[in-house]
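I am opening my notebook on this entry and will write down what I look up, one point at a time.

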Amino acid sequence: AQTLTEFDTISAISTPIGEGGISIVRTSGEDAIKIVNEIFKGADLSKVPTHTVHYGHIVDPATGKTIDEVMATVFRAPKTFTREDIVEISCHGGIVVTNHILQLILAQGARMADPGEFTKRAFVNGRIDLTQAESVMDIIRAKTDKARQVAVGQLEGGLMHKVKAMRQEILDTLANVEVNIDYPEYDADQVTAKQMADTSKDVISQIDKLLKTAQEGTILRNGLATAIVGQPNVGKSSLLNYLTQSDKAIVTDVAGTTRDTLEEYVSVKGVPLKLIDTAGIHKTDDKVEQIGVERSQAALKKADLVLLLIDGSQALSDEDKVLIKATQDKKRIIILNKLDLGQKITVDELKEKTGSEVISTSILQEKNLDELEDLIKKLFFSGIENSNDQIMVTNQRQSGLLAKAKRELEDVVQAVNDDIPVDIAQIDFNGAWDTLGEITGDSAPDELINTLFSQFCLGK
Ligand code: GDP
Ligand code: ZN
């Protein structure tokens with residue numbers, strides 16, 4: 001098992017990877033200041049006061065070459081995010097420069113931080129508790145205003161109170177069980193068994209309501225995974241460019257460290273879309289002869305929503321038909337693009353053939369794109385309850401534990417039905433109480449904590 005006290009020096013890029021005004025490389029740990037000082041020229045960071053910013057240059061010690069003009073901020077423990085020494089280098093945005101600086105820091109002896117490791121240290125070093133950490137993560141990861149709203153609601157304790165109330169209900173019943181066991185003169189077993197079964201049923205129905213919100217919550221949190229597919233030249237890149245215009249793109253994020261895993265998030269009328277494999281879309285362009293079907297297939301697997309582009313000014317090609325078939329079980333929109341060049345295929349005809357949503361557009365002339373966005377929004381919300389003031393479960397850890405508690409309570413009901421002795425049924429009843437406690441962080445084994453923090457983005 002991984003131990004929770006690791007105090008080596010860690011470093012990571014803490015801003016979204018991509019082109020931006022600035023990027024920040026954060027280094028935390030005992031040697032943070034010493035390590036950065038080796039590559040920073042401008043001030044002796046080992047001598048500067050805490051919480052101060054210094055202008056200077058990053059210089060590669062091996063070559064003597066200047067890498068970037070930067071600002072270095074020094075935070076000395078304990079009043080820092082991690083409660084350790086931290087140095088943040090604000091450099092010019094851009095993947096190459098930022099990565100280069102990170103590599104230099106690693107070469108000086110820092111270790112690449114695991115996802116969420118900075119926040120984990122804040123937790124391990126006692127600065128924040130587990131529930132705060134989880135809400136912080138959700139707020140960081142919120143892709144739209146709605147998602148952020150849900151996360152803030154959670155930080156304020158909506159779900160926590162709900163779970164605590166359910167635990168209290170179980171605890172009250174358990175207290176009664178104990179009382180009844182202490183007064184065995186009447187038929188205690190039957191009374192307590194009924195009480196446990198009743199409470200179990202009641203809590204199960206509350207859990208069910210929460211679990212219902214989980215799917216929507218997950219999509220709100222992670223974005224609707226969306227694949228843009230289609231033959232070369234149908235307009236995929238054009239659509240991607242339209243969707244990622246600056247007013248729509250929310251955040252770019254990385255799961256790994258390489259460019260290949262770049263994911264882009266856009267907000268379409270408030271609906272968060274996580275665009276899958278956008279690097280792949282660009283790549284197929286480089287070699288037009290390389291038909292994108294195989295690549296599309298991989299993206300399709302992960303997709304909650306498929307935007308299938310077809311050149312509507314041409315007759316349907318065999319490749320189009322292959323893609324129509326490959327996506328038929330998905331939530332999808334077929335987009336007949338190049339409307340401005342005339343239409344060889346009509347919307348109605350294709351609707352009838354495929355049974356799916358079809359729309360014709362001219363991405364070039366920005367025709368019908370607003371309607372396309374409406375359609376995406378409609379598909380997203382289809383089958384989802386309007387949940388404005390509802391407490392929502394937005395995270396898989398929480399929904400997993402709710403499901404486990406539900407199973408335990410169902411076992412209690414079953415045991416009581418089967419006339420199994422009360423003290424046996426009580427084991428699952430106690431179990432459900434413990435399981436719900438894990439949600440609120442009242443019991444937090446190492447393993448849980450490691451899992452939780454591993455869900456964070458790199459650099460957080
Ligand atoms: P991709 O290969 O699927 O990514 O297609 P691109 O987005 O690169 O577009 C291929 C070509 O079609 C480019 O020259 C675009 O300008 C053009 N194009 C994209 N959408 C339209 C459209 O709606 N009408 C017309 N006439 N051309 C378009
Ligand atoms: Zn393209």
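Does Glu-264 count as buried or exposed? I kept in mind that this is a predicted model, and I looked up the C-beta neighbours of Glu-264, of which there are 23 inside 10 Å. I then placed Glu-264 in the secondary structure, where it belongs to strand β10, residues 263–268. I also looked up its separation from Ile-276, which lies 12 residues away along the chain, and the two C-alpha atoms are 7.5 Å apart.

Next I turned to the ligand. Around ligand 1 I find 16 residues, and the closest are Gly-235, Lys-236, Ser-237, Ser-238 and Leu-364. Helix α9, residues 236–243, supplies the largest share of this shell with three residues. Sorted by class, the shell around ligand 1 holds seven polar, five nonpolar and four charged residues.

Last, I looked up a helix pair. The axes of α15 (residues 396–417) and α16 (residues 422–440) come within 8 Å and cross at roughly 165 degrees. Since angles over 145 degrees count as roughly antiparallel, I noted α15 as roughly antiparallel to α16. I recorded the crossing of α15 and α16 as left-handed. On the α15 side the contact includes Leu-401, Ala-405, Glu-408 and Val-412, while the residues of α16 that they and others meet include Ile-424, Asp-428, Phe-429 and Leu-436. By class, I count 12 nonpolar, three polar and five charged residues in the contact of α15 with α16.

Conventions. Residues are numbered from 1 along each chain as its sequence is written. Chains are lettered from A and ligands numbered from 1 in the order in which they are written. This is a predicted model: local features need pLDDT of at least 70, side-chain atom pairs count only at pLDDT 80 or more; totals for chains, interfaces and linings use all residues. A residue is near a molecule or strand if its C-beta atom, placed from the backbone, lies within 6 Å of it. Helices (H or I, at least four residues) and strands (E, at least two) are DSSP runs, numbered from the N terminus. Ala, Val, Leu, Ile, Met, Phe, Trp, Tyr, Cys and Pro count as nonpolar, Asp, Glu, Lys and Arg as charged, and the others, Gly among them, as polar. A residue is buried if 20 or more other C-beta atoms lie within 10 Å of its own, exposed if 12 or fewer, and partly exposed in between; C-beta atoms are placed from the backbone. Axes are lines fitted to C-alpha atoms, for helices over the stretch in contact, and angles run from 0 to 180 degrees between N-to-C directions. Angles under 35 degrees count as roughly parallel, over 145 as roughly antiparallel, 65 to 115 as roughly perpendicular and the rest as oblique. A crossing is left-handed if the near helix is turned anticlockwise from the far one by less than a right angle, and right-handed if clockwise. Two residues are in contact if their C-beta atoms, placed from the backbone, lie within 7 Å.
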